[in-house]
Amino acid sequence: MFHKELDAFPEDFLWGSASAAYQIEGAMKEDGKGESVWDKFVQIPGKTFKGTTGEVAVDHYHRYKEDVKLMADQGLKAYRFSIAWARVIPDGDGEVNEKGLEFYDNLINELLKYGIEPLVTLYHWDIPQALQDKYGGWENRQVIADFTRYAEILFNRYNDRVKYWVSLNEQNIFIKLGYNMAAHPPNVKDEKRMYAANHIAHLANASVIKRFREMDMPGMIGPSFAYGPTYALDSHPLNQLAAENNEEFNAHLWMDIYVRGEYPSVVWKYLERNDLTPDVQPGDKALLKAGKPDFMGLNYYQTATVEANPIDGVAEGKMNTTGKKGTSQASGVPGMYKSAENTFIEKTDWDWDIDPTGLRIAMRRINSRYHLPILITENGLGAYDDLEADGSVHDDYRIDFLKNHVRTIQEAITDGVDVLGYCTWSYTDLLSWMNGYQKRYGFVYVDREELDEKELKRYKKDSYFWYKKVIESNGKEL
């Protein structure tokens, strides 16, 4: 669909940016914070680039006022951040750590002082290690009650200042990489356990949203889902079918349950035939139905192109976590789909497809299938950045990436999609989970390396000033 003229962005559009507690805060053992599963996982040799950890990260815990002032100077309208469960409840289910709550009190108040809307993520992959040790974390139904209690504590504490809440961040990623690929905590490769943990995570997500309703909370709540729309390699019917399979198992399996409270029938049939069904107990279906969100949080980075995969075909491939372009390997599910090269688009150094139009397609598909407003909770480019002698960082490639994605958001709005806001990933540079500190996403350069923390000094990149103009003009100046 081509438009002669594009609609303007809404006047209350949330121009924002985002982060996650483990990736920026540091202060791993300070002020009573407990250990998270990531604090322990990164100690396993070979799991992260050069053995990097979040022990210091970019020291946001001690520098949050400096970081918020940078946001204010840029004119940021919203800032999405996560709260570390183990900072608030060190053992996950016991005594509340007042020092932890105070830190987020201070951060929220600092944001509001400058008129920046806080968007709070309840869970961004860092369940307390104590709960993992005690009962297996997301594999045990006790986590539903514990996660709901934790959320209720936050709701009670911050409901007078926070209007937007994200329940679970990228459940599809932490479940698949954690339980089927051993690339995230808890370091498991077991498809049966993956689907069991996923079901319980869905119940926990629904329980928190249900509690949000029962407490008559002001504002809105919804999950953030990592969605990469699927393309078939070509018009061959079997490749088209592979694309349908990929959408069912990598998109509908999560978003259908979030919104409709139901498993897609194709997925459920597959689980039954392969002895992979989770334990569904009385009351589960009603709880899932009660967890319908107010919006769909969309984390968009790339699309997926697939082709048919025979029963004896490609399975798990290799992820590129080094930044050496071309080192990823094809992956798939035998009998369903396998990844294929899309020759129409460029790739990042980490072999992620660069496809701005895919964001528009993602929003259109969510809008058509679920009829919910969309809040873009992550979108950004991980790249190598060079700090010049004068303190400048010339990241034209990032400006180009973000500019093209913002334009497609405006096109989707013109198409008729309700978009609440746009949060780039990320605000400052941060620890990129398995990829260390070399993979940079931020508007603000943080001067540190994997094995050298240096002074952690902040520098504004060219993209910082570009986004400032975008915000000032409400998207008119790209």
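A residue counts as buried under 20% relative accessible area, as exposed over 50%, and as partly exposed in between, with a 1.4 Å probe and protein chains only. By that rule tyrosine 123 is buried, and phenylalanine 174 is buried too. The model is predicted: local features need pLDDT of at least 70, side-chain atom pairs count only at pLDDT 80 or more, and totals for chains, interfaces and linings use all residues. Residues are numbered from 1 along each chain as its sequence is written, and side-chain values use heavy atoms, leaving out hydrogens and water.

Start with the rings. A pair of aromatic rings is described by the distance of the centres and the angle of the planes. Rings of Phe, Tyr and Trp (its six-membered ring) pair if their centres lie within 6.5 Å; planes under 30 degrees apart are stacked, over 60 edge-to-face, and the rest tilted. The whole structure holds 36 aromatic pairs. One of them joins tyrosine 123 and phenylalanine 174, edge-to-face, at 5.3 Å centre to centre and 70° between the planes. Tyrosine 123 lies in strand β3 (residues 117-123) and phenylalanine 174 in helix α8 (residues 171-179), so this pair ties together parts that are 51 residues apart in sequence. Helices (H or I, at least four residues) and strands (E, at least two) are DSSP runs, numbered from the N terminus.

Elsewhere, ring pairs link Phe9, Phe13, Trp15, Tyr427, Phe443, Trp466 and Tyr467 into a cluster.

Rings also meet charges. A charge sits over a ring if NZ of Lys or CZ of Arg is within 6 Å of the ring centre and within 35 degrees of the ring normal. Arginine 440 lies over the face of tyrosine 445, 4.0 Å from the ring centre. Arginine 448 has its charged end over the ring of tyrosine 437, 3.9 Å from the centre.

Now the strands. Two strands pair if DSSP finds at least two bridges between them. Strand β5 (residues 220-226) has six of its seven residues buried. Strand β4 (residues 164-169) runs parallel to β5, joined by four bridges. Here tryptophan 165 stands opposite isoleucine 221. β5 also pairs with strand β7 (residues 296-299), again parallel, over three bridges. There alanine 226 has asparagine 299 as its bridge partner.

Strands β8 (residues 304-307) and β10 (residues 337-339) pair antiparallel over two bridges. Valine 306 has serine 339 in β10 as its bridge partner.

Asparagine 309 sits in the loop between β8 and β9. This residue is buried, with a relative accessible area of 5%. A polar contact is a pair of N or O atoms within 3.5 Å; within protein, one must be able to donate a hydrogen and the other to accept it, and residues adjacent in sequence count only if both atoms are side-chain atoms. The side chain of asparagine 309 reaches the backbone oxygen of valine 333 at 3.2 Å. A polar atom of that side chain also lies 3.0 Å from the backbone oxygen of tyrosine 337.
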